[in-house]
Amino acid sequence: MKYQIHTNLGQFSLLPNAEFDDLLLRRQQDLAERTCGLDETQSWLARSYPVLSVLAPVLTSHVGKIEYPGDPMCLYAALSWTIDQVVRSKQAGLSASSPYNDLCPRLGDLPSADYRRAASVSGIRVISGPLFNTDQTVFDPRVWNDEIKHYFVDLLKTIQPRVVLISATSPAHRYALDIAGMVREHDPSALIVMGGRHLDETIHYNDFAHEPELAYSSTVRAIKDGRAAPVVDFLISGEGYFALDLLMKAISIAMDIESKTTTVRAVVNTLDQMAAAIHPVPGRAVLAALDGGCLQVFPIRGRPTNLGDLPPFYRPFVIRAEFPIFKSSTGQVQRTAHINTAHACPFRCNYCSESVSVVGQLLKLLHHQVKIAIDHILEYVSYGAEAIFFDDSVFWAGSRSRMIEFCIALSKAKTQAAAGEELPWLQNETDRQRFLALQWGAQMTFDFITTLQSENEAIELLGYLKAAGCTYIYFGLESMSPSVIARVHKNLGGELPWNQRVRKALALFKQAEIRVGVSVLFGLDGETRETIEETIEQVAQLVQDDLIYIASPNICTYHPGTAITRMHDKENTLDYVSLDIKTDPPYIYFEEAFRGVVSRDLTEDDIWHIHRQTQERWGQKRNVNAMQPTLVPVSAMGSETR
């Protein structure tokens with residue numbers, strides 16, 4: 001596929017462009033005339049266009065499947081800045097201070113308190129009228145079957161989005177392409193934008209060669225090779241928070257005011273004009289367009305960003321996750337908000353797509369931004385959060401000092417709340433009591449506890465965690481076989497063998513009365529039936545000794561950007577495109593497991609063996625929290641569910 005490289009949008013330009021300025025002025029005058037004399041609602045409908053954001057699912061059925069414990073945080077994060085700009089624009093109107101002082105995405109107002117209280121845990125929102133709040137613009141079906149497809153078509157006909165944003169992980173990519181195909185069929189004038197983890201892993205820009213790098217399983221290569229239909233218009237990879245906002249502003253300016261439609265070519269031309277007239281776009285990202293047979297590439301190499309630059313991810317969205325690990329004193333599963341203090345892992349495990357070696361940058365809250373995390377927690381509690389889970393691969397990117405600083409700050413805030421002091425966001429007694437009872441959990445590594453600090457330091461840290469309300473920590477145990485774990489980077493060495501380090505860390509958490517869950521990953525480099533048995537048996541012993549609260553067996557799958565994919569010579573054969581890949585037993589018993597992308601060191605018989613033996617020998621401690629069926633509204637505009 002031919003490609004064309006455009007201006008680096010991260011560079012400083014601000015060159016005069018009288019023709020472009022005149023275009024913007026004429027459009028603003030046209031919009032002002034069209035909205036003159038209209039009430040607020042009609043004015044907003046006249047100057048805005050509908051947008052639908054879709055989280056592509058990884059499943060075709062709930063049956064026998066373990067539920068992902070979180071809300072779609074990757075999508076929420078990607079939308080956070082754009083929605084913030086749109087909300088400000090709706091409030092500011094067509095004034096010069098409005099971030100969108102042209103046409104504007106119809107992303108609505110923030111959800112009301114009543115809406116948040118009444119919302120169900122279903123990822124499919126009920127829509128009630130032409131004006132949606134920001135939460136209602138997201139479609140999160142969680143499975144992709146015939147019933148969901150029929151509903152999606154009805155939704156497209158009801159909303160008639162001018163732009164559809166699709167976020168996909170690699171296992172979801174095949175369904176993301178199917179979703180894009182349905183949009184193209186039923187809403188052909190809509191522009192389709194693809195982003196998410198799969199794009200992050202498969203589309204890069206080589207700064208030295210000044211050319212794009214496209215993995216075999218990338219959307220672009222799949223379209224070029226004919227493995228996928230040309231159903232995507234724009235693609236964003238990397239730190240896309242600000243890049244998405246720029247793209248939406250370019251779409252707005254390129255869009256015909258009357259019909260609310262535009263073309264890829266018009267948007268690309270607008271981006272070229274904007275490049276010389278805007279401040280540099282922050283972050284490192286790639287914004288690309290598929291324009292006929294040519295890939296138009298806009299590399300973004302702006303100033304470094306951190307997570308503190310972004311608005312709180314739940315401000316536009318309802319907390320819908322219920323993480324069964326957190327329960328009230330009466331046994332009620334609690335609504336759980338998810339927070340990131342880092343968006344990648346500092347370790348370089350060869351199988352992990354969240355490693356900094358794959359992601360490329362380690363975005364995080366900085367040392368002076370602990371207060372931001374506390375503020376976000378208080379805000380989420382006011383939205384109904386009863387528990388918090390930190391989605392960081394390693395809590396606070398593995399910084400012991402930040403962990404302690406955070407725990408001290410959270411403990412202080414709880415003490416203030418107990419004394420009746422006013423705290424931001426806590427509006428009433430219900431909010432205050434919810435905050436005082438708040439539980440939370442995070443993820444760590446065994447080496448962080450046993451190798452990177454002394455035992456006394458670890459005990460001190462666990463004391464801070466417990467005092468601040470931490471009730472659960474999740475570890476990637478991966479394997480208990482010395483021959484397998486020796487090949488994984490998180491096994492950093494030290495005086496004790498891996499299995500003894502694991503047991504030591506678990507004993508420390510048991511002593512601190514903090515529950516521990518572990519992820520066990522079968523199929524790592526060098527896995528055999530013997531090493532499988534070794535891991536299953538040793539984990540069973542840890543379960544028997546009551547050192548593990550919950551154990552989640554997983555199957556190693558090949559992600560496009562990971563080292564193990566290259567080691568096993570799989571990068572040019574991964575099939576994350578074909579829709580006819582069956583998702584049936586034994587694969588459905590494990591997250592992200594599909595035929596063709598599971599470890600070469602596992603046979604199907606091995607996978608059946610892992611399923612049956614972990615079920616038998618880990619007993620009730622094995623994670624078998626089956627997904628609940630997705631409730632589908634009777635119609636896009638209805639309020640009943642079936």
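Reader: What does Q28 count as, going by its relative accessibility?
Author: Q28 counts as partly exposed, because its relative accessibility is 25%. Buried means under 20% relative accessible area, exposed means over 50%, and partly exposed lies in between (1.4 Å probe, protein chains only).

Reader: What kind of model is this?
Author: A predicted model: local features need pLDDT of at least 70, side-chain atom pairs count only at pLDDT 80 or more, and totals for chains, interfaces and linings use all residues. Residues are numbered from 1 along each chain as its sequence is written, and side-chain values use heavy atoms, with hydrogens and water left out.

Reader: Back to Q28. Where is the place of Q28?
Author: In helix α1, residues 18-35. Helices (H or I, at least four residues) and strands (E, at least two) are DSSP runs, numbered from the N terminus.

Reader: And how far apart are Q28 and V318?
Author: 34 Å in space, C-alpha to C-alpha. In sequence they are 290 residues apart.

Reader: New topic: confidence. What pLDDT does the protein chain average?
Author: The average is 90, and 91% of the residues score at least 70. pLDDT is the predictor's confidence in each residue, from 0 to 100.

Reader: Which element has the lowest mean pLDDT?
Author: Helix α11 (residues 356-359), with 57. Strand β6 has the highest, 98. Over residues 636-642 the pLDDT is below 50. That stretch still has 22 contacts in the model beyond near neighbours in sequence; contact means heavy atoms within 4.5 Å. Where pLDDT is low, the predicted coordinates should not be read in detail.

Reader: Sheets next. What is the strand order in the open sheet of seven?
Author: β12-β13-β14-β15-β16-β17-β18, with mixed pairing. Two strands pair if DSSP finds at least two bridges between them.

Reader: Which strands stand at the edges?
Author: β12 and β18 (550-555). Each has a single partner strand, so one side of each is left without a neighbour in the sheet. The twist averages 30° from one strand to the next.

Reader: Why is β18 largely enclosed by the rest of the structure?
Author: Because six of its six residues are buried. I550, S552 and N554 point one way, while A551, P553 and I555 point the other.

Reader: How does β17 run with β18?
Author: Parallel, with six bridges. F522 stands opposite I555 in β18.

Reader: And how many bridges join β17 to β16?
Author: Six. Strand β16 (residues 470-478) runs parallel to β17 (residues 515-522). The bridge partner of G476 is S519 in β17.

Reader: Which helix lies across β13 and β14?
Author: Helix α12 (residues 370-382), running at about 145° to β13. Axes are lines fitted to C-alpha atoms, for helices over the stretch in contact, and angles run from 0 to 180 degrees between N-to-C directions.

Reader: Switch to α5. How far does the helix reach?
Author: α5 (residues 146-159) reaches 20 Å from its first C-alpha to its last, close to the 20 Å expected for its 14 residues. The expected span is 1.5 Å times one less than the number of residues.

Reader: Which α5 residues are buried?
Author: I148, Y151, F152, V153, L155, L156 and I159. What covers them includes β2 (48-55), β4 (138-139) and α6. Just after α5, Q160 takes a positive phi of about 50°.

Reader: D187: buried or exposed?
Author: Buried, because its relative accessibility is 6%. D187 is in the loop between α6 (173-186) and β6 (191-195).

Reader: Which side chain does the D187 side chain join in a polar contact?
Author: That of R162, at 2.7 Å. A polar contact is a pair of N or O atoms within 3.5 Å; within protein, one must be able to donate a hydrogen and the other to accept it, and residues adjacent in sequence count only if both atoms are side-chain atoms. Neighbours within four places in sequence aside, D187 is in contact with Q160, P161, R162 and M182.

Reader: Last one. Where is the cis peptide bond?
Author: Between P585 and P586, with omega about 0°. P586 is in the loop between α20 (563-567) and α21 (604-617). E592 is also placed in the loop between α20 and α21, and E592 has a positive phi of about 70° although it is not a glycine.
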